[in-house]
Amino acid sequence: MSDDRYREHLRRRYRVIGRALGFLFLLNALLMLLPLILLIWTPQEWWLAPAFVLAAGILALAGWLLRRTEREQERLPLSLAEGSVVVVLAWLSAISVGALPFCWAGLSVSQAFFETTSGWTTTGLSVVDVTSCPALLLFYRSLLQLAGGAGLAILLVSLLAIRGSAGLNAAEGHNEQLVPQVRHSARLVIRLYGGYVVVGLLGLKLAGMSWFDAVNHAFCALSTGGFSTHAAPLAQWASPAAQTILILLMLLGMTNFLTAYTLLCGRWHAVWRNGELRLAVVLLGMALFALCWHEMPRWQINDSLEQFRISLFQIVSALSTTGFVITDIEAGDNFCWLLLILLMLVGGGNGSTAGGIKQQRLLVLLKSVKQLLWQFSHPPHEVHEEILWTGDQKRPLTLVEVSRAGSYVLLYLATWLAGSLVLTAYGHDMARSLFEFASTLGTVGLSLGLTNPDVPPGQLWLQSAGMLLGRLEFLVLFWGLTRLAKEILPLLTPRNNRPRP
Amino acid sequence: MNPEQDGPASLLDAVRLNDPVAPVVIVGCGRLGAMLASRLSRGERRVVVVDRNQAAFAQLDADFSGFRVTGDATELEVLREAGLEQAAYLLVTTEKDTLNLMVAQVGRTVFSVPQVMARVYDPQRESLYRAFDIETISPTSLTALAFLQRTPAPGGY
């Protein structure tokens, strides 16, 4: 009897989950139709259109069916764990169905899946030959990055009033709100993001890019994605002004939306107090100094400004986990590679579009180190509290927070090393493997040539998994999958499988 | 309040009250405070809850999406952090009548929150609150009324 009741409870919960998931599918279906707008300018690529329509059709049908499962009138909220189930399922299906157009264009299943994952997770590693790829597909992958940078759930929350918005939003990694109402906050984030995009693409157009390049690069810089429409490094074709604008866009992309919002509201003191922002400035400054110091002997007098810009671009591209390539990194030496690896591991700001360990966690751990040092030089009973500022709100540094950050960093580094180990098993050398997997896990997209159209499927799947883990911040993926694994059996067993006494 | 101040002040009050994004601040996250906060948050209001005890926030709904401020509401700094300067409504629902009066009064006079409501158990204190331009809701009076409505008395109450 209690088993039956448990199953009934599960069924009710999963109807709520199904409803939210249905909405996400419908939204995703709309998104799949968006790239077709480009056909107005490139009508010769109409042969790709059926793939997009088919993908949208599958999603719409699935979404419609899921929405029908909801029977009761009462709207139940979603908890964070249930939100994780929704987010994980939504992302996995978005990636699987999103791979369809690439398959249609002739990529293998693993390559198509890899490319779509790289799009949705805003990584930017690519197995597509950009020079021969149809413009429609190039635009499609940029659009995936734009959507992936914001996230599916936040789009949904900003559009529709559904119960459980808070759980959904938090499950996707937007754990800090701009204002004390999740829907208003989601709308503000989308508005900020949209504003950035418009300003960015106009800026890039003015700096001499074609409309197509400007749109694609604005999308991919702000989402810290890093797909490019040219095979050649940026330094060879983009104007200095365009490069500078891209640097600014990448910096915006890696800044916490909450910090950007406080900045726009003109609350300067709140911005200055923000430890995360200060940490980013210090990291950028130190890395820039180190790289310039190292490269300086090779600079000519007349191109030193350009070299400086290139160094800055590379550092911002790595720290913001964008992965735009300005110059051939393979030509660099071990120092340059290790510096980039370190920056890629740290990553961008909490609640931004960037990946990596995130500066917030590093800040928490640094403060904890500071506290340890402080305790050493003070009497044992003297109390000292470290304060963390986010926007206008302050909170004391708690042990829980330190242990969370510590565990996450351990998990991240362990996964990084394990993944690199597997890459070396594929026959790549150690430095390149470490670089490539740091880039994969941090959703960066810089590559030392290990990711190319000829890699074996196994490596592609490994890297796809790495990108997804990095984007969904491990725990959400674990929570969602374990919860599903535990509950899928009792959920699917028929109601009266057991004779009643 | 004298009439010269009353005019512009009430106009400002009206602007703040009709602003859908002006937050509701709730002081005290007990059973009542948590319920109010959860319902209002579900109804797409911006909500900030203040409580001295962080564990109290566990009573909030899973889909409460407002801010939680931990601190003593008798401190101006805490109230400022809760955004009382922009708030349209202040609901004071702690267990203590006297504390409620004080916080409500600070909200009305220092932060000029247009609509301040406080819970007060002791019906005899209600007139005092009203003198300070604070609306009161007394569980005692409300319960008494509910009982009395179901218990007719021939001579009236």
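In what order do the strands of the open sheet of chain B stand? The order is β3-β2-β1-β4-β5-β6, six strands with parallel pairing. Two strands pair if DSSP finds at least two bridges between them. Strands are DSSP runs of E with at least two residues, helices are runs of H or I with at least four residues, and both are numbered from the N terminus.

This is a predicted model, in which local features need pLDDT of at least 70, side-chain atom pairs count only at pLDDT 80 or more, and totals for chains, interfaces and linings use all residues. Residues are numbered from 1 along each chain as its sequence is written, while chains are lettered from A and ligands numbered from 1 in the order in which they are written.

β3 (67–70) and β6 (135–137) of chain B stand at its edges. Each has a single partner strand, so one side of each is left without a neighbour in the sheet. From one strand to the next, the twist averages 20°. Angles run from 0 to 180 degrees between N-to-C directions, and axes are lines fitted to C-alpha atoms, for helices over the stretch in contact. Within the sheet, β4 (residues 89–92) and β5 (residues 115–119) of chain B pair in the parallel sense over four bridges. Here Leu91(B) stands opposite Met117(B) in β5(B).

Helices pack on this sheet. Helix α2 (residues 31–42) of chain B touches β1 (24–27), β2 (47–51), β4 and β5 of chain B. Its direction makes about 165° with that of β2(B). Helix α4 (residues 97–109) of chain B lies across β1, β4 and β5 of chain B. This helix runs at about 180° to β5(B).

Now take chain B as a whole. Its secondary structure comes to six helices and six strands. Along the sequence the pattern is α-β-α-β-β-α-β-α-β-α-β-α. The radius of gyration is 17 Å, close to the 15 Å that the globule rule gives for 157 residues, so chain B is as compact as a globular protein of that length. That radius is taken over C-alpha atoms, and the rule is 2.2 Å times the number of residues to the power 0.38. Of the 157 residues of chain B, 36% count as buried. A residue is buried if 20 or more other C-beta atoms lie within 10 Å of its own, exposed if 12 or fewer, and partly exposed in between, with C-beta atoms placed from the backbone.

Where does chain A meet chain B? 18 residues of chain A are in contact with 16 residues of chain B. Contact requires C-beta atoms, placed from the backbone, to lie within 7 Å. On the chain A side, α8 (165–171) and α9 (182–206) give two or more residues.

Helix α9 of chain A also holds Gly203(A). Gly203(A) is partly exposed, with 19 other C-beta atoms within 10 Å. Its C-alpha atom is separated by 9.0 Å from that of Ala218(A), 15 residues apart along the chain.

The axes of α10 (residues 211–222) and α12 (residues 240–254) of chain A come within 7 Å and cross at roughly 35°. Among the residues making the contact are Ala218(A) of α10(A) and Leu249(A) of α12(A).

Just after α5(A), Thr122(A) takes a positive phi of about 55°.

Methods:
Two residues are in contact if their C-beta atoms, placed from the backbone, lie within 7 Å.
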